[in-house]
Amino acid sequence: MSKKMVNSILFLVVSIYAVAAQKPHDYPEIGNPCPEFILHEIHQYKVTKASVSAFRKKPLIIDFFEQYCISCFKSFPKLKIIQEEFKDSVQFLLCGYDGKYVGNSTRNIRQDYQNYQKRFNLNIPVAYDSATVQRFKIMSFPYVVWIDGEGIVRAITRSDELTPENIRTFIKGHPLDLPMAENAQQGNNDHFYNPDQLLLSNGNGGNDSDFLVRSVLMDWKYQQRDFHYLNVNARNLKNLQGVGLPLFYLYKQAFGDTVTYDLPPEGNASDNEPNHYGQWYLKPVIDKCDSSLFQPNYTTGKNMYSYSLVMKNARWLNDMQKKMQNDLGDYFGLRVRVENRSLPCLKLIATDSARQRLLTKGDKANTDYSQSSFTFTNQPVAKIIWQIWVYNPLEVVIDETGITGNIDIQINAILTDFDDFRNALKKQGLDIIRGERVMKAIVFSNPDNG
């Protein structure tokens with residue numbers, strides 16, 4: 001074989017690999033054309049079937065959602081208002097994943113959405129397409145794809161970024177520097193945080209000059225990828241770090257009791273970890289200081305922090321906590337104390353008849369739930385406490401029903417609507433009332449306030 005022929009073959013092989021490397025992936029990528037796909041079931045739109053390219057007369061925003069995504073369903077009323085404002089400039093489209101997650105669930109995403117559609121008078125075009133969701137390798141919802149009039153993907157975000165300001169920027173064709181929602185394969189190049197390495201070591205999570213105080217306290221950057229929470233415990237005694245943390249979460253670790261869990265147990269056999277839910281208040285108690293410090297913005301990163309602490313000589317948990325307390329005190333300058341206080345909570349109560357009527361018939365234990373209903377068979381009341389808390393995560397919810405055994409119950413309600421949820425519980429002889437409970441609280445004040 002001649003040298004010229006060898007060179008020709010090598011050139012061909014290199015060219016093939018170069019073309020393959022440049023080929024766009026089969027999922028949305030910022031700066032590339034959106035892969036073509038066809039929606040076969042569109043409701044509240046002028047046609048029932050259309051390809052994505054058919055929408056190119058104006059910018060298109062596709063909001064992918066799924067049945068068990070609470071934030072997805074909570075965002076629909078807001079999206080309706082935004083659609084009204086920009087209906088002449090942007091085409092909005094909801095796309096629901098109608099695949100099944102729960103083995104024998106009888107719930108249907110179409111019925112859930114129709115319940116919300118009726119409740120909030122939604123008029124947003126909606127399609128159902130599990131094949132495209134799987135093809136795009138979407139791993140979490142909401143997953144919003146912003147496509148300009150030329151079919152180019154300009155952003156991939158969560159629904160929090162669907163604000164009038166961002167949409168005006170999008171319409172004008174200006175760059176959108178927004179936190180990116182990822183599918184199963186995206187993000188490795190855009191993000192640079194590895195939780196197995198020290199924060200800011202060798203460029204992990206940012207430049208080594210980004211810290212506020214080393215221990216490292218720094219403003220959170222969305223390029224640090226997913227939120228990684230920190231916890232002071234014996235298994236991680238010498239190395240404490242986490243990213244994307246609201247300020248109050250840092251103070252809970254510095255001044256709390258270091259118990260792993262502060263969310264309500266569901267009553268499962270696996271609920272055997274130490275848990276202080278109901279013993280500690282879930283919100284800061286503000287006593288004459290700036291409460292805005294404790295209002296995190298997950299979109300802009302305001303009041304969100306990342307923290308890393310290494311203490312090779314630490315012998316006790318309180319060594320770590322004292323150092324963390326000093327770091328927070330040096331930078332934020334707040335006076336902090338832990339007190340027992342009588343504080344607001346939600347209480348689940350039951351009528352005398354409900355205590356008897358809801359007791360289980362003894363059928364096989366089962367849970368079946370969606371955004372607009374749930375059915376519990378032979379389950380503890382803790383399951384209802386969990387459902388209330390999921391939709392009100394900053395509330396302490398206390399079981400005062402007096403029901404000691406398992407129950408059977410079916411609830412049909414818009415679960416993101418507290419009043420609708422409560423009214424449905426009332427029909428079963430249950431109610432959610434406001435009350436108070438003595439809990440430990442982390443109290444904040446300015447140093448000059450005593």
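Is Arg154 buried, partly exposed or exposed? Select Arg154: at 39% relative accessibility, this residue counts as partly exposed. (Buried means under 20% relative accessible area, exposed over 50%, partly exposed in between, with a 1.4 Å probe and protein chains only.)

Before moving on, note that this is a predicted model, where local features need pLDDT of at least 70, side-chain atom pairs count only at pLDDT 80 or more, and totals for chains, interfaces and linings use all residues. Residues are numbered from 1 along each chain as its sequence is written, and side-chain values use heavy atoms, with hydrogens and water left out.

**Stop 1: salt bridges**

Arg154 forms a salt bridge with Asp148, with 2.8 Å between the closest N and O atoms. (A salt bridge is a side-chain nitrogen of Lys or Arg within 4 Å of a carboxyl oxygen of Asp or Glu.) Asp148 is buried, at 13%. The whole structure holds 17 salt bridges.

Next, select Arg337 and Asp287. Their closest N and O atoms lie 3.0 Å apart in a salt bridge. This pair links distant parts of the chain, 50 residues apart: Arg337 sits in strand 13 (residues 335-350), Asp287 in the loop between strand 11 (285-286) and strand 12. (Helices, H or I of at least four residues, and strands, E of at least two, are DSSP runs numbered from the N terminus.) Arg337 is buried at 18%, while Asp287 is partly exposed at 26%.

**Stop 2**

Six bridges join strand 10 to strand 12 (residues 304-310). Pick Gln241: opposite stands Ser308 in strand 12.

**Stop 2: the disulfide**

Zoom to Cys69 and Cys72. Their sulfur atoms are 2.3 Å apart and form a disulfide. (The cut-off is a pair of cysteine sulfur atoms within 2.5 Å.) The structure holds one disulfide. The link of Cys69 and Cys72 is right-handed, with 85° about the S-S bond. Cys69 is buried at 6%, and Cys72 is buried at 1%.

Technical notes:
Pairing = 2+ DSSP bridges.
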